[in-house]
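Trainee: I've just opened this one and would like a guided tour. Could you walk me through it?

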Amino acid sequence: TQAAAAQGNPSQQAMVQDQLAGLMTQFQGTNPPAWAAGAIRTANAQMASRGLGSSSLAGQAIVQAAMESALPIAQADARTVLQNNVLSF
(Lines give C-alpha, C1' and ligand atoms only; values in the text may rest on other atoms or scores of the structure.)
Protein backbone atom coordinates (compact mmCIF):
# COMPACT_ATOMS: atom_id res chain seq x y z
CA THR A 1 0.00 0.00 0.00
CA GLN A 2 1.05 3.56 -0.53
CA ALA A 3 1.07 6.04 2.28
CA ALA A 4 -0.36 9.44 1.51
CA ALA A 5 1.46 12.46 2.82
CA ALA A 6 -0.49 14.57 5.25
CA GLN A 7 -1.52 17.83 3.71
CA GLY A 8 -3.03 20.79 5.39
CA ASN A 9 -3.68 24.42 5.04
CA PRO A 10 -2.43 26.33 8.05
CA SER A 11 -4.96 28.62 9.65
CA GLN A 12 -4.54 32.37 9.47
CA GLN A 13 -3.51 32.29 13.16
CA ALA A 14 -0.61 29.99 12.26
CA MET A 15 0.88 32.72 10.08
CA VAL A 16 3.63 34.91 11.51
CA GLN A 17 2.07 37.92 9.78
CA ASP A 18 -1.20 37.42 11.67
CA GLN A 19 0.58 37.00 15.00
CA LEU A 20 2.71 40.10 14.31
CA ALA A 21 -0.39 42.14 13.52
CA GLY A 22 -1.92 41.01 16.81
CA LEU A 23 1.16 42.08 18.73
CA MET A 24 1.16 45.49 17.06
CA THR A 25 -2.39 46.12 18.29
CA GLN A 26 -1.04 46.01 21.86
CA PHE A 27 0.42 49.50 21.48
CA GLN A 28 -1.88 51.92 23.28
CA GLY A 29 -1.02 55.61 23.37
CA THR A 30 2.31 56.29 25.02
CA ASN A 31 2.44 53.01 26.97
CA PRO A 32 4.24 50.33 24.97
CA PRO A 33 3.63 46.68 25.85
CA ALA A 34 6.15 45.17 28.24
CA TRP A 35 7.73 43.01 25.54
CA ALA A 36 8.69 46.12 23.52
CA ALA A 37 9.61 48.54 26.30
CA GLY A 38 13.28 47.52 26.54
CA ALA A 39 13.91 47.80 22.81
CA ILE A 40 12.18 51.17 22.70
CA ARG A 41 14.21 52.50 25.64
CA THR A 42 17.42 51.36 23.96
CA ALA A 43 16.48 52.98 20.64
CA ASN A 44 15.52 56.20 22.45
CA ALA A 45 18.83 56.27 24.32
CA GLN A 46 20.86 55.65 21.17
CA MET A 47 19.06 58.37 19.25
CA ALA A 48 19.36 60.83 22.15
CA SER A 49 23.09 60.13 22.47
CA ARG A 50 23.46 61.16 18.82
CA GLY A 51 21.39 64.30 19.31
CA LEU A 52 18.48 62.87 17.33
CA GLY A 53 16.03 62.35 20.18
CA SER A 54 13.07 64.17 18.63
CA SER A 55 13.81 63.59 14.96
CA SER A 56 11.79 61.60 12.44
CA LEU A 57 14.80 59.29 12.22
CA ALA A 58 14.39 58.53 15.93
CA GLY A 59 10.71 57.78 15.38
CA GLN A 60 11.57 55.33 12.63
CA ALA A 61 14.25 53.69 14.78
CA ILE A 62 11.76 53.22 17.61
CA VAL A 63 9.17 51.63 15.33
CA GLN A 64 11.84 49.37 13.85
CA ALA A 65 13.03 48.34 17.32
CA ALA A 66 9.49 47.51 18.40
CA MET A 67 8.83 45.45 15.28
CA GLU A 68 12.12 43.58 15.62
CA SER A 69 11.33 42.71 19.22
CA ALA A 70 7.87 41.46 18.17
CA LEU A 71 9.11 39.14 15.44
CA PRO A 72 10.49 36.30 17.61
CA ILE A 73 7.31 36.37 19.70
CA ALA A 74 5.13 36.23 16.59
CA GLN A 75 7.18 33.34 15.19
CA ALA A 76 6.91 31.36 18.42
CA ASP A 77 3.17 32.02 18.69
CA ALA A 78 2.55 30.97 15.08
CA ARG A 79 4.61 27.81 15.61
CA THR A 80 2.58 26.97 18.71
CA VAL A 81 -0.72 27.45 16.87
CA LEU A 82 0.49 25.30 13.98
CA GLN A 83 1.72 22.54 16.30
CA ASN A 84 -1.56 22.54 18.19
CA ASN A 85 -3.45 22.26 14.91
CA VAL A 86 -1.26 19.36 13.77
CA LEU A 87 -1.69 17.55 17.09
CA SER A 88 -5.47 17.87 16.89
CA PHE A 89 -5.65 15.79 13.68
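Predicted model: local features only at pLDDT ≥ 70, side-chain atom pairs only at ≥ 80, totals over all residues.

Mentor: Residues are numbered from 1 along each chain as its sequence is written, and side-chain values use heavy atoms, with hydrogens and water left out.

Trainee: What pattern does the protein follow along the sequence?
Mentor: Helices (H or I, at least four residues) and strands (E, at least two) are DSSP runs, numbered from the N terminus. The protein has three helices and zero strands. Read along the sequence, that gives the pattern α-α-α.

Trainee: What share of the residues count as buried?
Mentor: Buried means under 20% relative accessible area, exposed over 50%, and partly exposed in between (1.4 Å probe, protein chains only). The protein has 89 residues, and the share of them that count as buried is 20%.

Trainee: Is Q19 buried or exposed?
Mentor: Look in helix α1 (residues 16–24), which is the place of Q19. Its relative accessibility is 15%, so Q19 counts as buried.

Trainee: How far apart are the C-alpha atoms of Q13 and A78?
Mentor: Not counting residues up to four places away in sequence, Q13 touches D18, Q19, A78 and V81. Q13 and A78 are 65 residues apart along the chain, yet their C-alpha atoms are separated by 6.5 Å.

Trainee: And how far apart in space are Q83 and P10, C-alpha to C-alpha?
Mentor: Q83 has its place in helix α3, and its relative accessible area of 46% makes it partly exposed. Q83 and P10 are 73 residues apart in sequence, and C-alpha to C-alpha they are 10.0 Å apart in space.

Trainee: Which are the buried residues of α2?
Mentor: Start with the other side of α2, where A34, R41 and S49 are exposed. The buried residues of α2 are A36, A37, I40, A43 and M47. They cover an arc (of the directions from the helix axis to the C-beta atoms) of only 140 degrees around the axis, which puts them on the same side of α2.

Trainee: How far apart are the end C-alpha atoms of helix α2?
Mentor: The expected span of a helix is 1.5 Å times one less than its number of residues. Helix α2 (residues 34–49) has 16 residues, so it should span 22 Å; that agrees with its end C-alpha atoms, which are 23 Å apart.

Trainee: Which residues form the aromatic pair?
Mentor: Rings of Phe, Tyr and Trp (its six-membered ring) pair if their centres lie within 6.5 Å; planes under 30 degrees apart count as stacked, over 60 as edge-to-face and the rest as tilted. The structure holds one such pair. With 5.7 Å centre to centre and 85 degrees between the planes, it is edge-to-face, and the residues that form it are F27 and W35.

Technical notes: Contact = heavy atoms within 4.5 Å.
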